[in-house]
Amino acid sequence: MSNIPEGYKQTEVGILPEDWEVKKLEEVGEALIGLTYSPSDVASEGILVLRSSNIQNGMLSFGDNVYVKSEVPDRIMVRTGDILICVRNGSRDLIGKSTVLDNRANGMTFGAFMSVFRSTYTKYLAHFFKSHIFLSQVEQHLGATINQITNASIYSFIAPLPLSPNSTPLLRRWLMPMH
């Protein structure tokens with residue numbers, strides 16, 4: 001006898017509603033690597049470089065800022081709705097911590113130890129990136145000696161996605177594209 005309720009199915013991430021799919025993150029968004037800069041680029045003003053210290057308790061924080069005076073490619077200037085993720089750090093526990101960037105981050109970039117994930121599913125993925133499903137995949141991909149996950153790792157991670165237009169009102173709100 002099956003323990004799977006009617007209307008649900010067993011997947012590689014657990015039991016999900018039948019109208020959900022499991023997809024690799026590479027199918028639903030783009031991961032970008034941050035800015036590499038040298039100490040000589042650091043200045044008292046300029047472009048703010050978001051780093052892991054700018055994520056506190058899952059929220060964007062401006063308590064520890066670094067600015068650079070250098071050319072930054074437009075591609076890695078952050079956008080409202082980007083998900084900022086710590087991908088390299090001396091502290092293993094910080095790998096995978098994330099936050100959604102709001103309009104306060106406009107005109108900023110992010111450092112090389114961070115990634116930004118861009119997707120039309122930002123509202124939903126913001127919750128996914130804090131879930132045990134995501135964090136367990138991070139843990140599996142961490143090296144034995146190097147505290148990092150690569151964009152290739154991020155792209156290979158799988159996520160349950162409620163793709164039905166008949167999803168619950170809460171999920172419909174999460175799935176609406178960011179503006």
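Which residues form a nonpolar patch on the surface, and with how much accessible area together?

## Surface patch

In this predicted model, the nonpolar patch on the surface consists of Ile-4, Tyr-8 and Ile-15, which together have about 240 Å² of accessible area. Ile-15 belongs to strand 2, which spans residues 14-17. Its relative accessibility is 42%, so Ile-15 counts as partly exposed.

Four strands make up an open sheet with the order 4-13-10-11, and their pairing is antiparallel. The edges are taken by strand 4 (30-33) and strand 11; each has a single partner strand, so one side of each is left without a neighbour in the sheet. On average, neighbouring strands of this sheet are turned by 25 degrees against each other, direction ignored.

Within strand 11, Val-100 stands opposite Ile-83.

## Salt bridges

Side chains of opposite charge can pair when their charged atoms come close. The model has 8 salt bridges. Among them is a network that links Glu-21, Lys-23 and Glu-27.

Another salt bridge joins Arg-92 to Glu-139, with 4.0 Å between the closest N and O atoms. This pair links distant parts of the chain, as the two residues are 47 residues apart: Arg-92 is in the loop between strand 10 (83-86) and strand 11 (98-100), while Glu-139 is in helix 2 (residues 132-141). Arg-92 is partly exposed, at 31% relative accessibility. Glu-139 is also partly exposed, with a relative accessible area of 47%.

## Backbone at Asn-57

Asn-57 has a phi near 55 degrees, a positive value in a residue other than glycine. The residue is found in the loop between strand 7 (55-56) and strand 8 (59-60). Is Asn-57 buried or exposed? With a relative accessibility of 80%, Asn-57 counts as exposed, because the cut-off for that class is over 50% relative accessible area.

How values were computed: Residues are numbered from 1 along each chain as its sequence is written. This is a predicted model: local features need pLDDT of at least 70, side-chain atom pairs count only at pLDDT 80 or more; totals for chains, interfaces and linings use all residues. Side-chain values use heavy atoms; hydrogens and water are left out. A salt bridge is a side-chain nitrogen of Lys or Arg within 4 Å of a carboxyl oxygen of Asp or Glu. Buried means under 20% relative accessible area, exposed over 50%, partly exposed in between (1.4 Å probe, protein chains only). Patches are made of residues with over 30% relative accessible area and no salt bridge: like charges are joined within 9 Å, nonpolar side chains (Val, Leu, Ile, Met, Phe, Trp, Tyr) within 5 Å. Accessible areas come from the Shrake-Rupley method with a 1.4 Å probe; for residues, only the protein chains shown count as cover. Two strands pair if DSSP finds at least two bridges between them. Axes are lines fitted to C-alpha atoms, for helices over the stretch in contact, and angles run from 0 to 180 degrees between N-to-C directions.
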